[in-house]
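Hi everyone, thanks for making time today. I'd like to walk you through a structure that may be new to you, so please have a look at it first.

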Amino acid sequence: MSADQEQRTIRCLVAKVGLDGHDRGAHVIARAFRDAGFEVIYSGLHRAPEEIVQAAVQEDVDVLGISILSGAHNTLVPKVIEGLKEYDAFDDTLVLVGGIIPDEDKEELLELGVAEVFGPGTPMEETVEFVEANAPER
Amino acid sequence: MNAAAETELVEELLAGKHRALARVISKVENRQPGYRDIVSRLHEHTGHADVIGVTGSPGAGKSTLVDKLAAQYRERGETVGVIAVDPSSPYTGGAVLGDRIRMASNVGDMDVFFRSMSARGTLGGLSTATSDAIKALDAFGKDRIIVETVGAGQNEVDIVRTADTVVVLVQPGSGDDVQMLKAGILEIGDLFVVNKADMDGASRTVADLEEMLHMERDPTAKLDTGGFEKPDHPDQDGIDADGADAEEDEAEHWEPMVLETVAKSGEGVEELLDTLDAHSAWLDETGRRETKAKQRYAAEIRQLLRADAADLIDDELDRRGGVEAMAERVLDRETDPYTVADEVLGPIEDCVREQRE
């Protein structure tokens, strides 16, 4: 049916949290996601965790990609995850973290509920394929 | 999705759960099974919100202005829903939805529900999805709903026409007066806003707009046109045609206005708000709101029926071996398009006729 044909599109929020002005990576990822046929919402720079939560909930995104290069991931990511839980949005949102994350912190983030951490040099296809394979079923 | 889950989702939305509202809009966008039932159930709870459409060329400052408007409404204690439509790639279907970046004044305020939507390319599908999303926000209890789209093309005009009040944003220096003659720009606006009014050439743009609007309203003023009459405005059907006397006519007609704003600093936003209120009051006083709503529902019913009928025909085409095979027969001169159309539609017509009797 033309008007009723299901048109599922993966929606992603690419988010920059905290005092970190480096957004080239976020832009590159946003573009790669767009070219993969996803709908990408970019948060803009210097967002507070609450803003990211607000955006993720209202936009009903399948994927939340948080880009952090400032080293504040251990403070910011838990806040975002807490916020998502508050709105019942954590269970069916795929949370990814990209940026400079030391190995020992990576384990911690994964335990918190982050699905994957992508460091520098990750091929774009890998990230896109990961999203396509793991985007939550709704 | 089963009926129980649908009921739960609708109940959660009506109870004010943000997640449920977001999910309903996703279902509407995705055309997911069961979305029709959900929207039907929401319908009885709608009809309370004031819907404002904002359109204008890319970079005119729509998102920034919408942000400021939303903040003002919030200050007055009203809740706001925003739907921002951005284009999607015709090749991959992907999109970057960037309007949210401008929503800086309403950070952390969950009573401003901001939703980005992409124009997913299906003809007519977008306006249906948008009007369904508006219904969801309305049922949720939002007082004001602002729909923001890039104003180019039929699709966008269709969306904007679903609004009670349409604001057209123009930026200074956006071409001479001939640009404004282009169809669809002047006709759809109830209010015109020259944004970035601190830029050079803003007053010129205001003057051009005012002149054009004046011509639009009364193109033959003081001219001997030799019998030329301006065609009726499609949205004002029956008002002028009834031969209402001049006085009545004056009350029934809304004179579009040109305002100036600097969205970034918030200059002029208050005046815009007052004018929006005035238009809203005018809609209520003249009963135009109801007329508009009626027209809107009529259009919606037509659109749905057209889509459903097209689907029915698509099924029938598939059953008969697909439209490709028919095209080949036409190409081989075995038959012609009219005959094929009659063949396909004939049985359906017969069916309808039988039912009628």
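**A walk through the model**

Over all chains, the structure holds three aromatic pairs. Let me start with Phe33(A) and Phe38(A): their ring centres are 5.3 Å apart and their planes meet at 50 degrees, so this pair is tilted. Before I go on, please keep in mind that what you see is a predicted model.

Now over to chain B, for the pair Trp254(B) and Trp282(B). Their ring centres lie 5.6 Å apart with the planes at 50 degrees, so this pair is tilted. Where do the partners sit? Trp254(B) belongs to the loop between helix H9 (246-252) and strand S8 (257-260) of chain B, while Trp282(B) is in helix H10 (residues 269-286) of chain B, so the pair ties together parts that are 28 residues apart in sequence. Both Trp254(B) and Trp282(B) are buried.

Staying with helix H10(B), let's look at its packing. The axes of H10(B) and helix H4 (residues 62-75) of chain B come within 10 Å and cross at roughly 70 degrees. Angles of 65 to 115 degrees count as roughly perpendicular, so that is how H4(B) stands to H10(B). On the H4(B) side, the residues making the contact include Leu65(B), Leu69(B) and Tyr73(B); on the H10(B) side, Leu272(B), Leu273(B) and Leu276(B) are among them.

Next, the nonpolar cores. The largest has 45 residues, and the members that touch the most others are Leu13(B), Leu21(B) and Leu42(B). Which helix gives the largest share of this core? That is helix H5 (residues 125-140) of chain B, with seven residues. Leaving aside residues up to four places away in sequence, Leu13(B) touches Ala20(B), Leu21(B), Val24(B), Leu42(B), Ala136(B), Ala139(B) and Phe140(B). There is also a second, separate core of 29 residues, and Val57(A), Leu64(A), Val77(A) and Val114(A) are included in it.

That brings us back to chain A.

You will find Ser67(A) in strand S3 (residues 63-68) of chain A, and at 10% relative accessibility it counts as buried. Its C-alpha atom is separated by 9.7 Å from that of Ile29(A), 38 residues apart along the chain. Not counting residues up to four places away in sequence, Ser67(A) touches several residues, including Ala15(A), Asp20(A) and Gly98(A).

Asp60(A), in the loop between helix H2 (49-59) and S3 of chain A, has a positive phi near 50 degrees, although it is not a glycine. Asp60(A) is buried, with a relative accessible area of 1%. Asp88(A), in the loop between helix H3 (73-86) and strand S4 (94-99) of chain A, has a positive phi near 60 degrees. At 47% relative accessibility, Asp88(A) counts as partly exposed.

Methods: Residues numbered from 1 in each chain as written. Chains lettered and ligands numbered in written order. Predicted model: local features only at pLDDT ≥ 70, side-chain atom pairs only at ≥ 80, totals over all residues. Heavy atoms only, no water. Phe/Tyr/Trp six-rings, centres within 6.5 Å; stacked < 30°, edge-to-face > 60°. Helix = DSSP H or I, 4+ residues; strand = E, 2+ residues; numbered from the N terminus. Buried < 20%, exposed > 50% of the residue type's maximum accessible area, 1.4 Å probe, protein only. Core = buried A, V, L, I, M, F, W, Y, C linked by side-chain atoms within 4.5 Å. Contact = heavy atoms within 4.5 Å. Axes fitted to C-alpha atoms, helices over the stretch in contact; angles between N-to-C directions. Parallel < 35°, antiparallel > 145°, perpendicular 65-115°, else oblique.
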